[in-house]
Amino acid sequence: MAKTVDGLYYSESHEWVKVEGNVALVGITDFAQHSMGDLSYVDMPEVDDQLEAGEEFGAVESVKAASDLYSPVSGTVIEINEELEDSPELLNQDAYANWIMKVDMSNPAELESLMDASAYDAMCQGN
Amino acid sequence: MKYYDKLIFDLSKDGKQGYSLPSSKWSASVGELPSGLCRTVAPELPQVSELDVVRHYTNLSQMNFGVDTGFYPLGSCTMKYNPKINEEIAAHRAFASLHPLQPASSVQGVLKIYRELSRALSAITGMAEFTLDPFAGAHGELTGLMIIRQYHVSRGDLKRTRIIVPDSAHGTNPASAAVCGLEVVQVKSNASGLVDVEDLKPLLDDTVAGIMMTNPNTLGLFEKDIRNIASLVHECGGLLYYDGANMNPLMGVVRPGDMGFDVLHLNLHKTFSTPHGGGGPGAGPVGVAAHLVSHLPVPKVMEAEDGTFYIADGACRCPSAPEGAGVFGKECGCMPDCVCGCQSCGQISGFMGNFGVLLRAYTYILMLGRQNIRMVGPLSVLGANYIKESLKDSFRLPVPGVCKHEFVFDGLMDQSTEVTTLDIAKRLLDYGFHAPTIYFPLLFHQSIMIEPTETESKETLDGFIEIMKHIAAEAATDPETLKTAPHTTPVRRLDEITAARQPVLQYKDMCI
């Protein structure tokens, strides 16, 4: 059973967003890491990249598959989680404790189109 | 089975040799070579006896699994039996001793085979003309997309840079499109596992170069809306590309040309029984509809009016053409009457493909003949449905109904013991079967994709069904045995994740 965490925002493409002021921490959900299996590589954006909501910003790879990552929010990448370069398994260990990138949001109103934990949970159940 | 992974160098002992040659008066000639061309250190060749060599390669070959050793139900790969007569013909001295640079006048029979194979493939698929040049299915995809791009460019329609690919497509489709410089746009499947026409419609505009489709698709389902999809795509000015990976169930029954496809590739190593896998030579001929013939790659094998064959290198032969016309896209101005290459997508193979592979496919077609080739599809479909219906109480069948040559289960019916598709696949190895395709298509989380092909007997299918039911029972009573499988193979469960994260690519301390 995949976990969710209250207080985060969730996208249909299985990313989560944690808001700290105007900064969005973005990661993949527990459902996503569980579906992918053991991750072997995380492809991340570069700092200063400009992203539009819904735009591809990287990918996760496992022995089963590769899956693109889509940014739930628009803005500028201000930091990436370099630990994931050598230790992609951190996302398997705890998908919510390990963010992938931090985005300085240009349009925080976009958060309203994302799901809360219970809506996301319901979507995954439907899968 | 005993594990064997030695290199031939591991067997080497100084002074060992397989045979010795008598001294020759010609050996002195080596001394006449300029000293700069002679080696100063002996080459590091393995020193082994003939028996060492025989045992080494026999042992290595036994570490392999192929269609000749057992059932190989690898979905979307069509691992059918490769009849041995294909090999006999390909090994015949008349073919095996050919040189790629022989003049056309000395290889008339070979050029005739090129033309006849092209014509047979045209008859089977309903396409106007073929190139036999591409070396593999994905190479055929790239060639086909280059033809599509060339078609739009030649009409001055430069906006068409997007290609539509369904979410159930083989991974090579978006990859080939990306290599061809096209932007990939995904179209969703509907609940029945078919391309969602309503999702497709808004994507169709004047930036669409075409759509790549596999029919039947990777769920083994016939895209029954294909005629409708073809008109929609054609109306917006795009072309239809047919991925021939799943041609097997349709051969001799339905033709992609009649469905409305403009370009296709065939995998001769799937549908036409040439050797498959292991990175060996493949062949992915590309067929086109009449309006795309001028965009085929060069050189082409042509038949002259007197019945002889020649290789058209792309140069324009028309008397009025400027010098060099037809080569590397230089316009000749004589179109559409001449056969030159000025409208061609380019050259994609140095010597017109893998002739040995083409020859095997030609043999296969002739051996089956016009009547029997129609039995391939129905028998492959019957085998797949027989397995599906026999196992659907033990495994989850996400899309019920009649399938074509392959189908997809979504893991075990009872997943309470958390036995995964990977565990099932590994356990099958213990029972002497090759694993099916797993975790593809990506539409489901526990995909098991099974394709038996028409060459397997009912006894083989029954044996497989029995073992699959047995594994499903084991999953309930003894899940640990599955989670640690395989147990009888030369190597046990491999650590795939460490192999991906920290690959060791060097054998011991060998360094060249």
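This is a predicted model: local features need pLDDT of at least 70, side-chain atom pairs count only at pLDDT 80 or more; totals for chains, interfaces and linings use all residues.
On the α4(B) side, the contact is made by V110(B), I113(B), E116(B), L117(B) and A120(B). Their partners in α10(B) are F355(B), L358(B), L359(B), A361(B), Y362(B) and I365(B). By class, this contact of α4(B) with α10(B) has ten nonpolar residues, no polar ones and one charged residue.

**Two further partners of α10(B)**

Helix α10(B) also packs against α2(B), which spans residues 84–91 of chain B. Here the angle is about 130° and the axes are 9 Å apart, so α2(B) and α10(B) are oblique to each other. Their crossing is right-handed. From α2(B), the residues taking part are I85(B), N86(B), I89(B) and A90(B). From α10(B) come G356(B), L359(B), R360(B), T363(B), Y364(B) and M367(B). The contact of α2(B) with α10(B) divides into six nonpolar, three polar and one charged residues. L359(B) is named in the contact with α2(B) and also in the contact with α4(B).

Then there is α12(B), made of residues 458–477, whose axis comes within 10 Å of the axis of α10(B), itself residues 355–391. The two cross at roughly 25°, and since angles under 35 degrees count as roughly parallel, so does this pair. The crossing is right-handed. G383(B), Y386(B), I387(B), S390(B) and L391(B) of α10(B) meet L461(B), F464(B), I465(B), M468(B) and K469(B) of α12(B). Seven nonpolar, two polar and one charged residues make up the contact of α10(B) with α12(B).

| Helix pair | Angle between axes | Axis distance | Handedness |
|---|---|---|---|
| α2(B) and α10(B) | about 130° | 9 Å | right-handed |
| α10(B) and α12(B) | roughly 25° | within 10 Å | right-handed |

**A closer look at A90(B)**

A90(B) sits in helix α2 of chain B.

**Chain B as a whole**

Stepping back, chain B holds 14 helices and twelve strands. Its radius of gyration is 26 Å, close to the 24 Å given by the globule rule for 512 residues, so chain B is as compact as a globular protein of that length. Along the principal axes, its C-alpha atoms fill a box of roughly 80 × 80 × 45 Å. Of the 512 residues, 40% count as buried. Among contacts between residues at least 6 apart in sequence, 71% join residues at least 24 apart.

Chain B also touches chain A. Seven residues from chain B and six residues from chain A take part in that contact. On the chain B side, they divide into four nonpolar, one polar and two charged.

**Backbone details in the loops**

The bond from V298(B) to P299(B) is cis, with omega near -5°, and P299(B) lies in the loop between β7 and β8 of chain B. A485(B) and P486(B) are likewise joined by a cis bond, with omega about 5°. P486(B) belongs to the loop between α13 and α14 of chain B.

Positive phi angles turn up at non-glycine residues too. Y439(B) has a phi of about 55° and is found in the loop between β11 and β12 of chain B. It has 21 C-beta neighbours inside 10 Å, so Y439(B) counts as buried. In chain A, H14(A) has a phi of about 70°, and its place is the loop between β1 and β2. H14(A) counts as buried because 24 C-beta neighbours lie inside 10 Å.

Definitions and conventions:
Residues are numbered from 1 along each chain as its sequence is written. Chains are lettered from A and ligands numbered from 1 in the order in which they are written. Axes are lines fitted to C-alpha atoms, for helices over the stretch in contact, and angles run from 0 to 180 degrees between N-to-C directions. Helices (H or I, at least four residues) and strands (E, at least two) are DSSP runs, numbered from the N terminus. Angles under 35 degrees count as roughly parallel, over 145 as roughly antiparallel, 65 to 115 as roughly perpendicular and the rest as oblique. A crossing is left-handed if the near helix is turned anticlockwise from the far one by less than a right angle, and right-handed if clockwise. Two residues are in contact if their C-beta atoms, placed from the backbone, lie within 7 Å. Ala, Val, Leu, Ile, Met, Phe, Trp, Tyr, Cys and Pro count as nonpolar, Asp, Glu, Lys and Arg as charged, and the others, Gly among them, as polar. The radius of gyration is taken over C-alpha atoms; the globule rule is 2.2 Å times the number of residues to the power 0.38. A residue is buried if 20 or more other C-beta atoms lie within 10 Å of its own, exposed if 12 or fewer, and partly exposed in between; C-beta atoms are placed from the backbone.
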